[in-house]
Amino acid sequence: MVESRSIIAKILQPLFVCFTYLFLYLPIITMVLFSFNNSSVSMKWEGFSLRWYRQLFKTPEIINALQTSLIVAFCATILSVLLGLWLILGSRTWKSYFPFNLFYTNIILPEIVLAIGLLSIFTFFRISLGYISLITGHTIIGLGYVVPILRARFTELDPVLTEASLDLGASYFQTVRKILLPLLMPSLVASALLVFTLSLDDFLIAFFCVGPKVQTLSVYVYSMVRTGVDPTINAISAIFLSLSSLVMLILCFLNVLDQVISHE
Amino acid sequence: MIKKLFKNIFLQEAYFWLTCPALLWEICFLYLPVLVLALYSILDYSSGSTAIHLTFEHYQKIFNSLYFKIILNSCVLAIVTATICLFIAYPVAYFLAFKVNKRFRIFLLFLIIIPSWTSLIVQIYAWFFLLEKNGLVSQLLSTLGLFSDSHHLLNNYFSIIVGMVSCFLPFMIFPIYAILERMDKQLLEVSADLGASRYETFKRVVFPLSLPGVYAGVLLVFIPALGEFAIPTLLGGSKRVFWGSIIVDKFLRSRDWRSGAALAIIGILFPALIGLLIYLFNKSINYFKRDKIKIDKTKKAKDNWDFTESNI
């Protein structure tokens, strides 16, 4: 009895975990592999080539979509981190949790509802869809992650540090610059990277709020997938994948992975 | 109370204005849109005049038609996804938290996070690529002799579930792992010392303590799965319609915004209602359990007493 149980623990459990990883990675790995395929028929391997990547950079729509995505992600990141940081710094003496709990709605509300809500107010106030609506929506999503992460870090800090600095005659601005910002920096970087990837990957808000004139990369990929399999999509996907892995590596080196996981 | 709040905000804290942009942004672009949706769904112009009046016509239309069934179907899909995710994620999280040394654990976590940080569309496309008519899986199955010819593995319920589970699995693993990892490992030793078997330790110590993580994971999977639009559309074909896809259809194709808004509001309220019911159910069960536990305890104490007495 005891032996059979230890066999389960020793063999079956790791096997199960291996299968789970296989399940998560099999599609991604095959997709990346076939992005280097030299054949235009998707499932026949005809040798290694970078031809789909070359074609990628020759297609103006893809370059434009990539540009839009990057601009939107950049603006949304800066906006949400700034707004979140101001909120945290301005509410130093607040006792109530209510203003912070407001921001959990961003995560709990289904994204599709947020997307159509934004669409309806933008058309209601006759603001043309495009960069503005995209950045607005992505900032809302970003705030839902930035505020809890920063708040958690801020409450971990010793309030005595701030009080001492204020007592010693520094203004609040000086205190923020010399004491609070350096202490908050890891969480700031982590949340900024998180928002950047979230915005880059976002599909639903972009799908509704993108308007007729601009296109983001994920919406472009979606419209291409609808028409069928194409090796250029494999190439775009591989680039997406390497971008997010790069961000993850940076976070790993910053040692802030645990923080992000516990707030996911 | 209000005076105190006012004092707190305006007098003691000179930098309260720093909080205004974020709160305003939140209210303007999150709460206002939802409010506008709600108003859209219940207000309408009377025919012929410009006066606005209250109407529940759109809700009635939804409850009387196929749409209600579609919403139920979406709920079932989300529940199935969350359940499968839970059954896969719990052993993985347990393994990561208890059975792996630290270095390797970080590497394994890293591997789980990468897909969850990759675009959803990319992940869906990866499955699309794998499962399509001449894809790897169908080729493999036909060489194994399971299919006579290459088969389309897409456009069925199974492919939707596979896509959903693989996309949302990391969001179930993280919270469970986070809570298991923070758990005091001495508790396990204590439980073993007190004579509990491994299974009993799991049932009575580990699992109850990890429940908050399980709840968080279920929430994180259930909600996006309910509103998911891209996975059922791309992997399930156009025949299978879910809540997300009818909203897209109402807003972007048929331009029937008012019933679309009503659908969205129902889609928010419905899970909230289910959650409330479960919460109340749990509360009442706990209430009854408390009495039972009391009785059990007194009975057990008495039994123990008898036992020791007879020993003497």
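Helices (H or I, at least four residues) and strands (E, at least two) are DSSP runs, numbered from the N terminus. This is a predicted model, where local features need pLDDT of at least 70, side-chain atom pairs count only at pLDDT 80 or more, and totals for chains, interfaces and linings use all residues. Residues are numbered from 1 along each chain as its sequence is written, while chains are lettered from A and ligands numbered from 1 in the order in which they are written.

Q: How many helices and strands does chain A have?
A: Going along the sequence, the pattern reads α-α-α-α-α-α-α-α-α-α-α-α-α. The count for chain A is 13 helices and 0 strands.

Q: Is chain A a compact globule or more spread out?
A: The globule rule (2.2 Å times the number of residues to the power 0.38) is set against a radius of gyration taken over C-alpha atoms. For 264 residues the rule gives 18 Å, but chain A comes out at 23 Å, well over that, so chain A is more spread out.

Q: What percentage of chain A counts as buried?
A: A residue is buried if 20 or more other C-beta atoms, placed from the backbone, lie within 10 Å of its own, exposed if 12 or fewer, and partly exposed in between. Of the 264 residues of chain A, the buried share is 43%.

Q: Why does the length of helix H12 of chain A agree with its residue count?
A: The expected span is 1.5 Å times one less than the number of residues. Helix H12 (residues 231-254) has 24 residues, so it should span 34 Å. Its end C-alpha atoms agree with that, being 35 Å apart.

Q: Which helix gives the most to the side of chain A that touches chain B?
A: Contact here means that C-beta atoms, placed from the backbone, lie within 7 Å. On that basis, 68 residues of chain A meet 68 residues of chain B. With 12 residues, the top contributor on the chain A side is helix H1 (residues 2-34).

Q: Is Leu276(B) buried or exposed?
A: You'll find Leu276(B) in helix H13 (residues 257-311) of chain B. There are 11 other C-beta atoms within 10 Å, so Leu276(B) is exposed.

Q: What is the mean pLDDT of chain B?
A: pLDDT is the predictor's confidence in each residue, from 0 to 100. In chain B, 84% of the residues reach 70 or more, and the mean is 81.

Methods: Contact = placed C-beta atoms within 7 Å.
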